[in-house]
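Dear colleague,

Please find below the structure that I am handing over to you. My notes on what was found in it follow directly after it.

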Amino acid sequence: MFRATFLQRFVLAGTLLAVAVAKNSGSSDQEDAMFSSVSIPIQHSFQTGSDAEFRERGFLSFKSLSQGRGSYRQTVDLSTDDSNLLKELALEGGLYRARVPTQLLSLQYSDDIGYVSSYVKACSLLESNMSDDITIHADQSGHVLGISILPSRGTCTKSSEEILAMEVLFFNTTVSLSLTVSGPVPETQAYLDKLEEEKMQKTANGQDNRSFFAKYWMYIVPVVLFLMISGGQGEQRGGGSQMITL
């Protein structure tokens with residue numbers, strides 16, 4: 001009986017351990033999934049001027065912080081007032097503007113953070129049936145460098161009556177993420193260290209790269225002076241003997 005009780009306890013302990021490991025594994029998978037996904041809010045404005053009011057449009061989501069396609073989720077429907085504002089902006093030849101925060105990995109966004117923005121002609125967005133391609137440009141650390149918006153149709157050919165008659169319900173947006181690639185950095189310090197090492201080796205080996213004259217001038221100059229003086233004395237002696245002969 002003691003043996004059976006011991007086996008039962010052993011099996012129960014093993015079961016509880018397996019359940020705990022499964023829970024930890026599931027929690028770890030959920031955390032990995034949470035941190036591997038990247039989402040950033042996007043705002044837009046139907047107004048002109050530096051004091052234009054931006055309002056929430058939706059979220060741009062990416063599976064990971066790597067170059068590739070993402071998805072767009074519209075969180076605020078376009079109201080009738082929004083539709084009329086966009087049409088008025090198109091008739092005036094105005095610009096539709098959108099912006100995103102400058103950091104992809106922020107957990108909280110506030111009004112005092114920085115934004116990068118882009119704009120397109122409101123008429124081209126309308127004539128594209130609200131279809132646009134949004135690209136987020138960021139570096140490897142998740143810092144957003146810029147945003148570009150490209151409507152599926154870049155021309156404005158419709159008349160005022162056609163624009164006013166258009167239905168504006170929702171955006172049809174394609175999203176992509178473009179990461180900058182760091183270029184090669186010159187190894188300046190390594191090159192300077194190499195030059196310093198070569199200089200030290202030359203000094204240790206006693207190598208002298210001066211010219212022949214620079215190294216032995218103290219021997220050459222006295223010999224030249226001696227030859228010049230000797231030659232002058234010889235000429236004087238020769239001239240004196242000729243005078244005596246005459």
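Strand 1 and strand 2 (residues 55-62) run antiparallel and are joined by seven bridges. Please note that this is a predicted model. Strand 1 itself spans residues 38-45, and seven of its eight residues are buried, so that the strand is mostly covered, where buried means under 20% relative accessible area.

Strand 1 also pairs with strand 4 (residues 95-101): three bridges join these two strands, which run antiparallel.

Leaving aside residues up to four places away in sequence, Val76 touches Glu56 and Arg57. Its C-alpha atom is separated by 9.3 Å from that of Arg55, a residue 21 positions away along the chain. Val76 counts as partly exposed because its relative accessibility is 34%, which falls between the limits of 20% and 50%.

Turning to the cysteines, how many disulfides does a search of the whole structure find? The search finds one. This disulfide joins Cys123 to Cys156, with an S to S distance of 1.9 Å. The two cysteines are 33 residues apart and link distant parts of the chain: Cys123 belongs to helix 3 (residues 122-127), while Cys156 sits in the loop between strand 7 (144-151) and helix 4 (160-164). The disulfide of Cys123 and Cys156 is right-handed, because the torsion about its S-S bond is about 75°. The two partners can also be described by their accessibility. Cys123 counts as buried, with a relative accessibility of 9%, whereas Cys156 has a relative accessible area of 34% and is partly exposed.

On the surface there is a nonpolar patch formed by Phe212, Phe213, Tyr216, Trp217, Met218, Tyr219, Val221, Val224, Leu225 and Met228. Together these residues have about 1100 Å² of accessible area. One of them, Met218, lies in helix 6 (residues 212-245). Met218 counts as partly exposed, at 36% relative accessibility.

Finally, some figures for the chain as a whole. Six helices and eight strands are present, and along the sequence they follow the pattern α-β-β-β-α-β-β-α-β-β-α-β-α-α. Of the 246 residues in the chain, 25% are buried. The chain exposes about 17500 Å², and carbon and sulfur atoms supply 57% of that area. Among the contacts with a separation of 6 or more, 66% are between residues 24 or more positions apart.

Yours sincerely

How values were computed. Residues numbered from 1 in each chain as written. Predicted model: local features only at pLDDT ≥ 70, side-chain atom pairs only at ≥ 80, totals over all residues. Heavy atoms only, no water. Helix = DSSP H or I, 4+ residues; strand = E, 2+ residues; numbered from the N terminus. Buried < 20%, exposed > 50% of the residue type's maximum accessible area, 1.4 Å probe, protein only. Contact = heavy atoms within 4.5 Å. Areas by Shrake-Rupley, 256 points an atom, 1.4 Å probe, with all protein chains shown as cover. Pairing = 2+ DSSP bridges. Patch = residues over 30% accessible without salt bridge, like charges linked within 9 Å, V, L, I, M, F, W, Y side chains within 5 Å. Salt bridge = Lys/Arg side-chain N within 4 Å of Asp/Glu carboxyl O. Disulfide = S-S within 2.5 Å.
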